[in-house]
Amino acid sequence: MSYIAERRQEEKERRRAEIVDAAEAAGREVGLDALTMDDVARRARLSRALLYVYFQDRSDLMFGLAERAMNMLHARFVEAAERNRTGLEQVSAMGRAYVAFSQEFPTLFDALARCELESNDPSEFSPSEQACAAGGDKLQAALVASIENGIRDGSIRGDITSPLLMSVTLWGFMHGIIQLTTTKAHALTHHGVTARALIDHAISMITRDLKA
């Protein structure tokens, strides 16, 4: 790639990141339900026409937010693995990292949850959907690696025949628990259950089920 082409690509990536920044900031203010492309264009100081060069529609922009969420989560999963010795400890730390992320970046978690409900044909994915899917693959790979590490070091049961299936199951379980604590907080309080207690119980169940 020539120097000029590299500069153009860098500029394109920078502008795209600025648009996602604007969407995240606007989403924090008005919520993703009310977020419009006009809101994002104004905050990013771009014309609507230029915004549509980078994201074909509002749904595509949601995948841009979800891609950011995936990449940030992947970095936190890698850090969790590096800070813990056994595979079981790594998986537990990843679960807590996911919870912490959802609390620190609720707008990104919301975008991630919305995009995970989509079931589009992969052959028809937009570039943002493709990037989001690639981010999800990296995330699962990190979790699978920790499960495999646990099987090797003896901290995780050796009868797990598919670390990938276990990884997807754990992801879905923790994702559901986090959504429960955010969307049903009043109902949980009514029953005398705190979000922290539910999360601690969920991670304890995961650890107990995986433990060798």
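Trainee: Leaving aside its neighbours within four places in sequence, which residues is Leu61 in contact with?
Mentor: This is a predicted model, and in it Leu61 is in contact with Ile19, Ala23, Met37, Val40 and Phe55. The label contact calls for heavy atoms within 4.5 Å. Leu61 itself lies in helix α4.

Trainee: Why is Leu61 called buried?
Mentor: Buried means under 20% relative accessible area, and Leu61 has 0% relative accessibility, so it counts as buried. As for Glu129, 68 residues away along the chain, its C-alpha atom is separated from that of Leu61 by 9.4 Å.

Trainee: What covers the buried residues of α1?
Mentor: The cover includes α2, α3, α4 and α6. Among the buried residues of α1 are Ile19 and Ala23, both of which are in contact with Leu61. Arg15 and Glu24 also belong to the buried set of α1.

Trainee: How do you know that the length of α1 agrees with its number of residues?
Mentor: At 1.5 Å a residue, the 28 residues of α1 should span 40 Å. The end C-alpha atoms of α1 are 41 Å apart, so the two values agree. Just after α1 comes Gly31, with a positive phi of about 85°.

Trainee: And α2, which of its residues are buried?
Mentor: In α2, residues 37–44, the buried ones are Met37, Asp39, Val40 and Ala41. They pack against α1, α3 and α4. Met37 and Val40 are also in contact with Leu61. After α2 comes Arg45, whose phi is positive, near 60°.

Trainee: How do you know that Cys115 is in no disulfide?
Mentor: The cut-off for a disulfide is a pair of cysteine sulfur atoms within 2.5 Å, and by this rule the count comes to 0 disulfides. For Cys115, the nearest cysteine sulfur is that of Cys132, 5.5 Å away, and Cys115 is in no disulfide.

Trainee: Are Cys115 and Cys132 buried or exposed?
Mentor: Set each value against the limit of under 20%. Cys115 has a relative accessible area of 9%, so it is buried. Cys132 has 7%, so it is buried as well.

Trainee: Which residues lie nearest the centre of the largest pocket?
Mentor: Of the 16 residues in its lining, Met70, Cys115, Glu116, Cys132 and Ala133 lie nearest the centre. The elements giving two or more residues to that lining are α4, α6 and α7, and the largest share, 7 residues, comes from α7. The volume of this pocket is about 330 Å³.

Trainee: What makes up the lining by class?
Mentor: There are 8 nonpolar, 4 polar and 4 charged residues. Cysteine counts as nonpolar here, so Cys115 and Cys132 go with that class.

Trainee: Stepping back, how many helices and strands does the protein chain have?
Mentor: The chain has 10 helices and 0 strands. Its C-alpha trace spans about 55 × 50 × 30 Å along the principal axes, and buried residues make up 42% of the 212 residues. Among contacts between residues at least 6 apart in sequence, 71% join residues at least 24 apart.

Key:
Residues numbered from 1 in each chain as written. Predicted model: local features only at pLDDT ≥ 70, side-chain atom pairs only at ≥ 80, totals over all residues. Heavy atoms only, no water. 1 Å grid on protein atoms, 1.4 Å probe; cavity = no way out; pocket = protein on both sides within 12 Å on 5 of 7 lines; lining within 4 Å. Points joined across faces, edges and corners; volume = space filled by probe spheres on them. Helix = DSSP H or I, 4+ residues; strand = E, 2+ residues; numbered from the N terminus. Buried < 20%, exposed > 50% of the residue type's maximum accessible area, 1.4 Å probe, protein only. Expected span 1.5 Å × (residues − 1).
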